[in-house]
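My entries follow in the order I made them.

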Amino acid sequence: MNSAAAEGARRRRFRFQLGATLVTLAGVALLVGLGTWQLQRLSWKEGLIAAAQAQLAQPPRELTPDIPLDGTDYRHLTAHGRYLHERSFAFGLAANGNEPGALLVTPFALDDGRVILVDRGWLPERLLPPRVPAGLQPEGERTLTG
C-alpha cells in the first residue's frame, strides 16, 4: 500500500451519527414487524384452508327450508327441482381465447317452491339466451349437488 492510500484509509474511520443509527433501527424494527405480521397471516390462512377442507370432506346435505345458511360455506348441498330455462340469462362477459361469451345462469325451482340460481358455466356468445340449444336444457325433475 502506498502512503497516499494509507493516509486515506486512516481518514475514513467510522464516525457514529445518531440520525443514521436511528433511521437504521427504525427500518429494522419495521421489517421485523412486517415479517411477524406475515407469519401471523400465514397461520390465519392455514386455519381458513383447514376449515374449508373439513367442510368439503363432509357428505352432501339436503337443502331444506329449515337449513341455516351460515355454516354451509364450502359444504356440498343437494337440491331437487327443475330448471326454469325460459328465465336463463348471461352473466359476466368474458372471452375464451378470441371468442366472446358469458356465464349461463339458470334459475332452478326447488320442490318446496324456492328458487336458486345455478351457474351452468361459460358459453360462447352464439349459444347464450335466447339461443341456448335444446341439448343444453335438461327437462324434468333433477337432483343437483354442488
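**Entry 1: Tyr74.** I looked up Tyr74 and found that it counts as exposed, because its relative accessibility is 55% (buried means under 20% relative accessible area, exposed over 50%, partly exposed in between, with a 1.4 Å probe and protein chains only). Tyr74 sits in the loop between β1 and β2. Helices (H or I, at least four residues) and strands (E, at least two) are DSSP runs, numbered from the N terminus. Tyr74 has a positive phi of about 60°, although it is not a glycine. Most residues other than glycine have a negative phi, and most peptide bonds are trans.

**Entry 2: what I am reading.** This is a predicted model, in which local features need pLDDT of at least 70 and side-chain atom pairs count only at pLDDT 80 or more, while totals for chains, interfaces and linings use all residues. Residues are numbered from 1 along each chain as its sequence is written, and side-chain values use heavy atoms, with hydrogens and water left out.

I then checked the confidence (pLDDT is the predictor's confidence in each residue, from 0 to 100). The protein chain has a mean pLDDT of 90, and 93% of its residues reach 70 or more. Confidence is lowest in helix α1 (residues 3-11), with a mean of 66, and highest in helix α2 (residues 18-57), at 96.

**Entry 3: strand β2.** Is strand β2 buried or exposed? Five of the seven residues of β2 (residues 77-83) are buried, so this strand is largely enclosed by the rest of the structure.

I listed its pairings next (two strands pair if DSSP finds at least two bridges between them).

- Strand β1 (residues 61-62) runs parallel to β2 and is joined to it by two bridges; Glu62 has Thr78 in β2 as its bridge partner.
- Strand β6 (residues 142-145) runs antiparallel to β2, with four bridges; Gly81 stands opposite Arg142 in β6.
- Strand β4 (residues 99-110) also runs antiparallel to β2, with three bridges; Tyr83 has Phe108 in β4 as its bridge partner.

**Entry 4: the largest pocket.** I noted the rule before the result. On a 1 Å grid over the protein atoms alone, a pocket is an open set of points with protein on both sides within 12 Å along at least five of seven lines, and lining residues have an atom within 4 Å of a point. Grid points are joined across faces, edges and corners, and a volume is the space filled by probe spheres set on the points.

The largest pocket has a volume of about 340 Å³. Its lining has 15 residues, and Leu63, Leu77, Ala79, Ile116 and Gly146 lie nearest its centre. Which strand gives the largest share of the lining? Strand β2 does, with three residues.

**Entry 5: His85 and Leu136.** His85 is in the loop between β2 and β3 (89-96), and it counts as buried at 11% relative accessibility. Leu136 is in the loop between β5 and β6 and is partly exposed, with a relative accessible area of 32%.

Which residues does Leu136 contact, leaving aside its neighbours within four places in sequence? They are His85, Arg120 and Leu123 (contact means heavy atoms within 4.5 Å). Leu136 and Arg120 are 16 residues apart along the chain, and their C-alpha atoms are separated by 9.5 Å.

**Entry 6: a cis bond.** The peptide bond from Pro129 to Pro130 is cis, with omega near 10°. Pro130 lies in the loop between β5 and β6.

Conventions. 1 Å grid on protein atoms, 1.4 Å probe; cavity = no way out; pocket = protein on both sides within 12 Å on 5 of 7 lines; lining within 4 Å.
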